[in-house]
Amino acid sequence: MSALDAHRAAVDRCTYCPKLCRWACPVAEAECRETSTPWAMMTRVDDVMTGRAPLDAAAAEVVAHCTGCGRCQTACKHENDVATVLFAARGEARAAGVAPAAQGAWAREAPPPSAAWEALPAGGAVRLLAGYAEDATIRASLALLAAAGVGPVGRPAGGGRTSGVRFREVGDAAAADAALTTLRAGVAGAQRLICLDAGDAVALRAAWHGGPAIEHLVEAVAGRLPPLAPRPTGDVLYLDACRLGRGLGQYDAPREVLARAIDGRVDEATMTRREAGCCGAGAAYAAVHPAGAAAVAREAAADRPALPVVIADGPCAAHLRAALAPRPVWHWAEVVAAALPEGKP
């Protein structure tokens, strides 16, 4: 497994650890399975690397139980990057032809259709990377950007909507690199690229040096919106999206804006901010193990079961909406945009 050689130290740190981050993995906690712990997944990688276990469908299934949420890395005293190792292992499984088919299908899945996205002009100094956001979320995001004085907003030339981060998470490095190359050409000349999926922002900040400034929607509008007219929502439960929180460090800004947009309280789960759980949607886990992903979602929102849920990430909102139905789940941008004063876009 030559592609994993660079991760030898990270694998060793996990396999020789007495599972001190066992509690931190939302998947292991929801599934109640030892084989889904970070230690067990990394131990299987070690077994394959050393020849103690074959690289087969069973090994590929084990490393498919990671959402890439980063909670184990936050809990680890060494900040061991488990997800990156497991994504590399998925690449080896893919090359060997033993990866779950659902992973590749998830990576190739087209974003939801959006008339609002298609209506944007190609080009401009500010461009929007809509990711997998739904049309209503894109419309709300454009309203927030306009109200914050950001724009005019265009889209990448060629119509690219994502950074290709999904390919990276299933181990298809070639497809991920190709998507980045296409996107770089599509945003040539832009000064700012505003992402609606935090996963895109995280990936682009890591991969690009030079080019447009990479921002998430929350970063682009927080502190710039006009006074809001609180909507009659009552109390809500705000959940931290993994990539927005642990990935971009955005904890206070989305809460502060949300508190101005509703007439109730922004409530918290027991485990919140850096220690928050996961919705279960990430890194193809929901595609490969839908029942487990639904259990992860229910666990994340279980502390305040009577409250509507608000989260600032499109794929998370869509997954939570399906897993928690009929409980209301709202995207942060839609809640805040509904509180814009009359006359604003």
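Colleague: Which residue in strand 4 does Ile-194 stand opposite?
Modeller: Ile-194 stands opposite Glu-215 in strand 4, where strands are DSSP runs of E with at least two residues, numbered from the N terminus like the helices (H or I, at least four). This is a predicted model, in which local features need pLDDT of at least 70, side-chain atom pairs count only at pLDDT 80 or more, and totals for chains, interfaces and linings use all residues. Residues are numbered from 1 along each chain as its sequence is written, and side-chain values use heavy atoms, leaving out hydrogens and water.

Colleague: And what is the bridge partner of Leu-128 in strand 3?
Modeller: That is Ile-194, while Arg-127 has Leu-193 as its bridge partner in strand 3.

Colleague: In what order do the four strands form the sheet?
Modeller: The order is 2-1-3-4 in an open sheet with parallel pairing, two strands being paired if DSSP finds at least two bridges between them. Strand 2 (153-154) and strand 4 (213-216) each have a single partner strand, so one side of each is left without a neighbour in the sheet.

Colleague: How many bridges join strand 3 to strand 4?
Modeller: Four bridges join them, and the two strands run parallel.

Colleague: Switching to helices, what do strand 3, helix 12 and strand 4 make?
Modeller: With helix 12 covering residues 198-207, they make a right-handed β-α-β unit, meaning that, with the strands pointing away from the viewer, the path from the first strand over the helix to the second runs clockwise.
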